[in-house]
Amino acid sequence: MFVSSIVLALATVSASPVQTPITLKLTKQSTLGLENLAASTRSSINRFSSDSKSEPLQNVQNVFYQANVTVGNGQVLTVDLDTGSSDVWFRGSTCTSSDGSCNGNKVDITDSSLKSTGKTFSTTYGSGSVSGNIYTGSVGVAGAVAQNLPFGVSTQEKGFNGVADGLLGLGFNSISQISQTMGSPANWFDALGYTGSQNQFSFYLSAAADGDNGEITIGGTDPSKYSGNINWLPLNSETYWQFDASQMKYKAGGKSGNVGAWFRNNAISDTGTTLIIMNNAQADAINSGIGAQPFNSTAGIYYIDCGLAKTGVPLEFSFPSFTMSIPPAYYVLDNGDGTCISGVTRGAGFLTPTIFGDILTRAYYTVYDKANNRVGFAQAVHPH
Ligand SMILES: *[C@@H]1O[C@H](CO)[C@@H](O)[C@H](O)[C@H]1NC(C)=O
Ligand SMILES: *[C@@H]1O[C@H](CO)[C@@H](O)[C@H](O)[C@H]1NC(C)=O
């Protein structure tokens, strides 16, 4: 998700069917890291390179993706992994909300391995907000465990629909509220201590119709999930996974244009956002090009004929060195009630970047490379 308190507020991303959650991370805090894992844990994990590990992601109706995350002394929570924010938090037992966001599993803070810091946090996202208390403890995904990680335990939530039990942010430390409050890095991935070519993680997002799981690979890539080259874009800011979009062009049916032609020349890759979010004029042009209906301001989305998932045009985004083409099956989202919505919507402003959410990641396996401060896109391999 997009952390709206850091950059300008993003209008609520879209109406309820298409909200996605977020996650965050922490940095080297002590002797965290893989060397602390029990040998039995290490030997049971999948390895694509010497130390990479993969964890399945449950696809919730193409709207968001969540993983089992271990917390403290053997607790398991279902959490959204979010490259568009940088704090880690879990739902607390005293959580209150006005919209059902607190429904679901909660972290047990009576776990003696978790320590209160006496500090509080509060983070606002493009489509929700959370506040609560900061604890420290171990947080692991796929057996990659960060020890003594500062993370939030919510006492108030809004906009999270009670689906996932928290967020695990995989953005940079510079946009972490918890790091700022603690005065030290609180980034989950950094805390794992990967170095060199393993200082990266990668996402494969499944398509609901294919019935398979998504996957995060930590410390490498999973070559079975992509084909061809990985095309790299250098980051121009270590906040979000943000890159220059001033030369980016779009093409959708008869409509084409230069995305960077306005003031806002950046884009981010955000697994915690469902849709692709662009400025209003660009979103209007693209939706006209793919045959979607005009923007519905009541619903906050563009409706599109579900049949276009099979017969529609590809949606292309081009950079000077490569072009990505999203097939209609990935940008026509089925609401399950006979209506479908377009995967591109309004919401980016003059100073906020284009947000490439799950619509793009489903089509393009995405590598988040901290060794080289770049993000890579390769054609995702789906079972069908
Ligand atoms: C999480 O763990 C439960 C219990 O082992 C399992 O049934 C479920 O499939 C797991 N979810 C994911 C996304 O791996
Ligand atoms: C806009 O969306 C609302 C809510 O889904 C719906 O009731 C209304 O019919 C839509 N309007 C148009 C013009 O499609």
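Colleague: Start with ligand 1. Which residues are around ligand 1?

Modeller: Four to look at here: Pro-56, Gln-58, Gln-66 and Asn-68.

Colleague: Which elements give two or more residues to that shell?

Modeller: Strand S1 (53-60) and strand S2 (64-71).

Colleague: And how does the shell around ligand 1 divide into nonpolar, polar and charged?

Modeller: One residue is nonpolar and three are polar. None is charged.

Colleague: What is the distance from an oxygen atom of ligand 1 to the side chain of Asn-68?

Modeller: In this predicted model, 2.2 Å, taken to an N or O atom of that side chain.

Colleague: How much of ligand 1 does the protein cover?

Modeller: On its own, ligand 1 has 370 Å² of accessible area, and the protein covers 39% of that.

Colleague: Now ligand 2. Which residues are around it?

Modeller: Asn-296, Ala-299 and Tyr-303.

Colleague: How far are the polar side-chain atoms of Asn-296 and Tyr-303 from an oxygen atom of ligand 2?

Modeller: Asn-296 places a polar side-chain atom 2.4 Å from a ligand 2 oxygen. For Tyr-303 the distance is 2.7 Å.

Colleague: What share of ligand 2 does the protein bury?

Modeller: The protein buries 34% of the 360 Å² that ligand 2 exposes when taken alone.

Colleague: Back to Tyr-303. What is its bridge partner in S21?

Modeller: Ile-341. Tyr-303 is in strand S17 (303-304). S17 pairs with strand S21 (residues 340-342) in the antiparallel sense, over two bridges.

Colleague: What is the strand order in that sheet?

Modeller: S17-S21-S20. The sheet is open, has three strands, and its pairing is antiparallel.

Colleague: Why is one side of S17 and of S20 left without a neighbour?

Modeller: Both stand at the edges, each with a single partner strand, so one side of each has no neighbour in the sheet.

Colleague: Change of topic. What volume does the largest pocket have?

Modeller: About 360 Å³. The lining has 17 residues. Nearest the pocket centre lie Asn-62, Ala-209, Ala-309, Ala-329 and Val-332.

Colleague: Which elements give two or more residues to the lining?

Modeller: Helix H5 (308-311), helix H6 (328-331) and strand S20 (332-334). The largest share, three residues, comes from S20.

Notes. Residues numbered from 1 in each chain as written. Chains lettered and ligands numbered in written order. Predicted model: local features only at pLDDT ≥ 70, side-chain atom pairs only at ≥ 80, totals over all residues. Heavy atoms only, no water. Near = heavy atom within 4 Å. Polar contact = N/O pair within 3.5 Å; in protein donor to acceptor, adjacent residues only side chain to side chain. Areas by Shrake-Rupley, 256 points an atom, 1.4 Å probe, with all protein chains shown as cover. Helix = DSSP H or I, 4+ residues; strand = E, 2+ residues; numbered from the N terminus. Nonpolar A, V, L, I, M, F, W, Y, C, P; charged D, E, K, R; others polar. 1 Å grid on protein atoms, 1.4 Å probe; cavity = no way out; pocket = protein on both sides within 12 Å on 5 of 7 lines; lining within 4 Å. Points joined across faces, edges and corners; volume = space filled by probe spheres on them. Pairing = 2+ DSSP bridges.
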